[in-house]
Amino acid sequence: MQLNRDDLLKAYRTMATARHFEESVFENFSEGRIPGFVHLSAGQEATAAGVMMALDERDWVATTHRGHGHCIARGMDLQETMDEIYGASSGICGGKGGSMHIADLDKGMLGANGIIGATGPLAVGAGLSAKAKGDNGVAVAFFGDGGSNQGLTFEAFNLANIWKLPVIFICEDNGYAEATPSSYSVAGTQVDRAYGFGMPGVEVDGFDFFAVHEATRDAVERVRRGDGPSLIHIKTARYYGHFVGDAQTYRAEGEIDMLRADKDCLKIFREKVVGAGLLSREQLDEIFEEEKERVEKATLAAHAAPRATKDDLMTDVYGVY
Amino acid sequence: MPKKSYRNAINEAMAGEMRRDSSVILMGEDVSGGTGAPGEDDAWGGVLGVTKGLYSEFGASRVLDTPISEGGFVGAAAGAAITGLRPIVEVMFVDFLGVCLDGIYNQAGKFRYMFGGKAETPLVVRTMYGAGLRAASQHSQTLYSIFAHVPGVKVVVPSNPYDAKGLLIQAIRDNDPVVFFEHKMMYDDEGDVPDESYTIPFGEANVLRDGEDVTIVAIGKMVHLANKAAENLAKDGISCTVIDLRTLSPLDEETILEEVETTGRLVVVDESHPRCSVAADVSSIVAEKAFKSLKAGIGKVTAPHCPVPFSPELEDLYIPKIADVEAAVRRTMA
């Protein structure tokens, strides 16, 4: 299935929203308006848009601590998502989850996860549900290069393949697990690991929306056919630290400037679609500005959003002692 | 009423619920016991035969033999539970939960609260606990207090076949994660168990015996020690109330406090270690909320604070005995 003009507009809009969202969270976190700690996915938007556009409503997604872009690309409400990051009671989880546990089951989002390696098994479970339901739904597990080293991830590979479940494992490798480079921490390759469990694996350029999207589309087609799981290794990079405030002394001098200049997935997308005469620069600029404005509006609203109160502390529990 | 074993009562609860609700699935190591092997239809049904016959009735799509990867399949069960299935997961021995706690306490146990009340996680983790099988340190522990500590996880410890069936049906129908503890030495215990389906609500302790002098609170297999001790003590004119907690989370504080207010004395019997145990927890609740009713220091009967030993002589010393309960009761009367 080829992407039509509307799809391309949607892809760019999604990437633009995700980028502005992260820039806004960076700025406001730095100014002390957002509690806790946040892990930003700026630079990785092609993964969010490319993967989610290959999925549909019946599908499930378990994502990582770096999941804002995935939430946006999955169509979660922008305001409720922003409010959740601020810990407001109007947040999608009532302010009880926050950045690291934001979820929207109505959109098939099984949540960001604070536990590295937890997503694989959750997606296996969602795959079991999809198979039992018989709706040809697909479950996607995101994990990073860090999560790729957890034993739980390997257990999930094995379970998904012995049961031929509709699961797609996506290793979104941004080069660092916290401060530890994947070149140091990962033995062998992600694709070899997939082969080790008897499933197909493919490595793709995470700066290229089209490469990510095509690889995901192929994997989705395969798993919907009932051929069992597969793995996609997306090589990408983040513009910020592991968390906001990380001094990133482990990164090379000029590394991020180089990424922003030469490897920016929004720029690369623009060059491709404008070069091919599919969309105009003006159209793309307009979308970029529209999304900037939408995120700014959501940010301001989040600043004024209602805060959770004492009454909220002990709801959604059983047994009060 | 027909007599059935604890094992059969548990099997019957699962079979009945699987017939009633197609979203109930069972998974675990050897729950079929030989899927893919030549004799799969007549295979084990679990190492101690608790799931026998379910595979032949419900097939491989609903009774899933798992590889030995508890972390993976418990996490998968959590994922299945929030996406529409009602998985029963058998983790063969509670000791093995050491490699799969994340799925229970960080995932399943957190979803409801962390997602703002929008998630339901109808997951049951069935697991064997307890000493007595000469199974030594890594197959004999009584680890329910770890789970009772975590809000969001319900903890059930049936002491007899009737309760095992009713509490397990309740657990399967419950929309929160439940860890269901089965004592490995009780599978052959027999008791009255109706053929039909019934539930026992969580958070309601069972007062087995009404007394005036001492309240004995017991859990699981220890309930039988408490009962026996109470019988023996009655001969000496010491009258005991015996409470079977049945569920540790939610905990029926009200019944404990009411009974202690009547008797003024408390002995808690728990097969677990003394530190940070349910025995310690119940004692602290009573000390805090019924202090003025107490006529004596609280007695605790627990296993010692050491791993479960292998040597039969040592294991026998390790396991709490009826005489220990009697002695503890007498101390509160002294």
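## Basis of the description

Because the model is predicted, local features need pLDDT of at least 70 and side-chain atom pairs count only at pLDDT 80 or more, whereas totals for chains, interfaces and linings use all residues. Residues are numbered from 1 along each chain as its sequence is written, while chains are lettered from A and ligands numbered from 1 in the order in which they are written.

## The largest nonpolar core

The largest nonpolar core has 198 residues; such a core is a set of buried Ala, Val, Leu, Ile, Met, Phe, Trp, Tyr and Cys residues joined through C-beta atoms within 7 Å, buried meaning that 20 or more other C-beta atoms, placed from the backbone, lie within 10 Å of the residue's own. Its members that touch the most others are A:A123, A:V140, A:A141, B:I216 and B:A226. Helix α1 of chain A, residues 5–30, supplies the largest share, nine residues (helices, H or I, have at least four residues and strands, E, at least two, as DSSP runs numbered from the N terminus).

Leaving aside residues up to four places away in sequence, A:A141 touches residues including A:A62, A:A123, A:V167 and A:F169, where contact means C-beta atoms, placed from the backbone, within 7 Å.

## Where chain A meets chain B

In chain A, 37 residues are in contact with 33 residues of chain B. On the chain A side, β1 (60–62), α5 (119–133) and α6 (151–162) are the elements that give two or more residues, and α5(A) gives the most, with 10 residues.

This side of chain A has 23 nonpolar, 10 polar and four charged residues, with Ala, Val, Leu, Ile, Met, Phe, Trp, Tyr, Cys and Pro counted as nonpolar, Asp, Glu, Lys and Arg as charged, and the others, Gly among them, as polar.

Chain B is divided into domain 1 (3–192) and domain 2 (206–333), with bounds that come from an automatic or database domain assignment. Their centres, taken over C-alpha atoms, are separated by 27 Å, and 25 residues of domain 1 are in contact with 22 residues of domain 2.

Strands β13 (266–270) and β14 (299–302) of chain B run parallel and are joined by four bridges, pairing being assigned if DSSP finds at least two bridges; B:V269 stands opposite B:V301 in β14(B).

Terms used:
A residue is buried if 20 or more other C-beta atoms lie within 10 Å of its own, exposed if 12 or fewer, and partly exposed in between; C-beta atoms are placed from the backbone. Two residues are in contact if their C-beta atoms, placed from the backbone, lie within 7 Å.
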